Amino acid sequence: MGKTIIEKIIQDHTQDEVKPGKIVWMDLDIRSARDFGGPNVAKHYEREYRDEPVADPTKTYFTFDLCVPACTLKYADNQQICRGFAKKHRIAVFDVDKGIGSHVLMEEGLACAGKTVVGTDSHLNILGAVGCFGQGMGDVDITFAFKTGKTWFEVPESLRVTIKGGFDWPTSAKDLTLFILKNLGTEKAALKAVEFLGDSTTNLTLSNRITLCSMVTEMAGIIGFVPQFDEPFVQEILDFSGEKMMSIQGDPDAEYSDEVEIDVSGLPPQIAAPSSPTNVFDVSELCGTEIHSGFIGSCTNGRLEDLQEAVRVLKGKKVKEGIMLKIVPATQKVYAELLQEGVLEDLFRSGAIISNPGCGGCAEGHIGLTGRGEVQVSTGNRNFAGKQGKGLTYLASPAVVAASCVRGEICSPEDL
Amino acid sequence: MERTYFTGKIWVLSDLEGQLIENIDTDQIYHNAFLHITELAKMGEYALGNLEGWKDFPKKAQPGDMIITGRNFGAGSSRQQAVDCFLALQVSLIIAPSFGAIYFRNAVNSGFPVLKSHDVERLVLEGKLETGDQINVNVLSGECTNVTKDFSFGVLPMSEVQHAIFQVGGLFRYGNELR
């Protein structure tokens, strides 16, 4: 019997028999904690293991990305607790200047194809974008992982999703992702590893794959992989992290719990209305809805390419008077690219507000929050009631957010 | 002490129509208004405090009682309190067709028996599992007996790992014993 992608990666990290439903002990290549969860990891560790060393300091990291630099006393304390623990155990910290931990782990080549990575970020399965098995966990689990370098895991079933057809600007990977969410809901991919296949996935860039894989969490899936790629993607990953992109494919005779086909031919821009990421419409259906602010960033849409999509709409135009367009690059590296490519200047001239790198409003610790009555169009991944504040959040692509901020109401770039 | 056999009275978490309630999320099990409570003993009184029809559960439950519930129990957030509140009430175990992924991990890591069963939906529908029934459960073999109604049924046996963590009382102690 052949193996699916997730079964292959897990088998590479365990002596146990790997098949869906079986619990195995899995070796972890990287274990990490953020400024949320991290302080509890430090506290649990000191209580349970006192001065004993972590399993391997070179495979253990803190990544601060939620409230960076700390703008609340609680986070300032919590980050300092983590720094103290890190110093004592000789663990590296990607500190408040570095940006979103999951992205930094990919940039540094620590999270790459075939590896296993855990951390206190429920969107860590985003690492599927580079063929890495990433998984978010609670602080008890992560404490144990720091100490032992292992975790137990129930091998998930796999779901095959074949994407048919292609689409053109202004439709983007975010629109594709929202449309898949509309089709799968929170049931079809629940507790499963998802393999996204089909010719139109081959040309997806790293940013595109990140966008798609980041929202497998909202599909209630364990992780998503996009195994088809060709030479340009291999080169992109080499330039990005210095890593040679390894190909991991599901075997033809592997067992999949289900197969789904989704036709995206001619797909128009999509938008998820409050208060669920699966509450998805064509942008044209909600066109004209008044907004007060826009947010471009988050682990889903915070890379150079995402912000270039926004600039494609914004260049030579202005954000409408009274509308806030809040922009948060994913990482310091992205910030440097924005400077180099002149994107920062274009964004600035359009009237956008640009912050330092980080998670943005998803975490309540950074910009992107909404007040009661505020309507925000965001490139984030969650729009649950109360998540980003008391306002209403719509989820869309960078291009749709940019266009909507120019007009002051929900619209597609083509409407400008 | 080997903890393999459990015996106790069951609570079937059903709605007014007698259907097992599905997708009970962590906010219904333990509302976020009480997340600041850190002392385990104080968490019991909030168990199921946000679940329609079951808000008085903490007053009715006795130590050793068991819970039978619908699929995807513990969906939602990663809060450990949604497990700890049952430990505080000394509920001995929970049986459901399925659990939320993080909830299941948290329960196992706390040494709290959460057991999956393909049978309970049907048995509740047929009136063969009712609140107040006395049942015996062997968590290792998965064999169960409804003593009140005199028949046997099954739950999926605990995996080796889950059982080992459970026997020593949690992931940290389990880890210590490995050394």
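Between domain 1 of chain A and domain 3 of chain A, 9 residue pairs are in polar contact, both residues at pLDDT 80 or more (N or O atoms within 3.5 Å, one able to donate a hydrogen and the other to accept it; sequence neighbours count only if both atoms are side-chain atoms). This is a predicted model: local features need pLDDT of at least 70, side-chain atom pairs need 80 or more, and totals for chains, interfaces and linings use all residues. Residues are numbered from 1 along each chain as its sequence is written, chains are lettered from A in the order written, and side-chain values use heavy atoms, without hydrogens or water.

**Domain 1 against domain 3, chain A**
- Domain 1 spans 23–154 and domain 3 spans 270–415, with bounds from an automatic or database domain assignment.
- Their C-alpha centres lie 28 Å apart.
- About 1,400 Å² is buried between them, 55% of it from carbon and sulfur atoms (accessible area lost on being put together, 1.4 Å probe, summed over both parts).
- A:Ile100, A:Glu107 and A:His123 supply 37% of the area that domain 1 buries there, more than any other three residues.

**Salt bridge**
- The count between these two domains is 1 salt bridge (Lys or Arg side-chain nitrogen within 4 Å of an Asp or Glu carboxyl oxygen).
- The side chains of A:Glu107 and A:Arg303 meet in a salt bridge at 3.0 Å, N to O.

**Helix 4 of chain B**
- Helix 4 (residues 101–109; a DSSP run of H or I, at least four residues) has 7 of its 9 residues buried, so it is largely enclosed by the rest of the structure (buried: under 20% relative accessible area, 1.4 Å probe, protein chains only).
- Among the buried residues are B:Tyr103, B:Phe104 and B:Arg105.
- B:Gly111 follows the helix with a positive phi, near 75 degrees.

Notes:
Buried means under 20% relative accessible area, exposed over 50%, partly exposed in between (1.4 Å probe, protein chains only). Helices (H or I, at least four residues) and strands (E, at least two) are DSSP runs, numbered from the N terminus. Buried area is the accessible area (1.4 Å probe) that two parts lose on being put together, summed over both.
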